[in-house]
Amino acid sequence: MELTFECPECRAVGRVKNADSATEFVCQSCQYKRQAKAGSVTPEGVCHCPYCGTEKLYIQKDFPQGLGVTIVVAGFAWATYYWYYVRPLAAYAVLMGSALLDLILWKKVSDVAMCYRCLGQMRGPDVKPLGRFEPFDLEVGETFRQERMRVAELKERQTQSVKH
Ligand SMILES: [Zn+2]
Ligand SMILES: [Zn+2]
């Protein structure tokens, strides 16, 4: 399983290929180290985030945001072109084609498991989140977002008190 994580110290993004067997994660830009949470992958698939250990994960398609929209918009523009030259059949074909392409891409694209707490992304065949994790839940996401804000605030205060 591959893990993409954000360094909590310097916000640099790191990537580790075999995150489930790693013992620690080291930030490439500031050398900040964090002990890996062992046993993140069971035979059933990923069970917790190897970076922060939380079991609150959600799944989403590993689909670049906006790509699906681009395909549909491009298809629509193309169809309009045919429509303009009075070729309605070709216009329909293009519209159908772009919708189909969108669907095929959607099915082909694999799932990525995301950590609510540290926003780490887990990829690979052993993620297997199907039916085990839900898509993003706004309420859970908000709880963790506020937690992150509190942590950031606390850190800010600590650095300020060190300076004084
Ligand atoms: Zn760092
Ligand atoms: Zn995490």
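Predicted model: local features only at pLDDT ≥ 70, side-chain atom pairs only at ≥ 80, totals over all residues.
Residues are numbered from 1 along each chain as its sequence is written, with chains lettered from A and ligands numbered from 1 in the order in which they are written. Local features need pLDDT of at least 70 and side-chain atom pairs count only at pLDDT 80 or more, whereas totals for chains, interfaces and linings use all residues.

The protein is assigned two parts, domain 1 (2-59 + 111-133) and domain 2 (67-107). These bounds come from an automatic or database domain assignment. The C-alpha centres of domain 1 and domain 2 are 38 Å apart.

Ala91, Val94 and Ser98 of H2 are buried (20 or more other C-beta atoms within 10 Å of the residue's own; exposed, 12 or fewer; partly exposed, in between; C-beta atoms are placed from the backbone). They cover an arc of only 60° around the axis, so they sit on the same side of H2 (the arc is taken from the directions from the helix axis to the C-beta atoms). The buried residues of H2 pack against helix H1 (67-84) (contact: C-beta atoms, placed from the backbone, within 7 Å). Exposed residues on the other side of H2 include Leu89, Met96 and Lys107.

Most residues other than glycine have a negative phi. Arg11 has a positive phi, near 70°. It is found in the loop between strand S1 (2-6) and strand S2 (13-16). Arg11 counts as exposed because it has 10 C-beta neighbours inside 10 Å. Leu119 also has a positive phi, about 65°. Leu119 is in the loop between strand S8 (111-115) and strand S9 (121-123). With 17 C-beta neighbours inside 10 Å, Leu119 counts as partly exposed.

Notes. Helix = DSSP H or I, 4+ residues; strand = E, 2+ residues; numbered from the N terminus. Contact = placed C-beta atoms within 7 Å.
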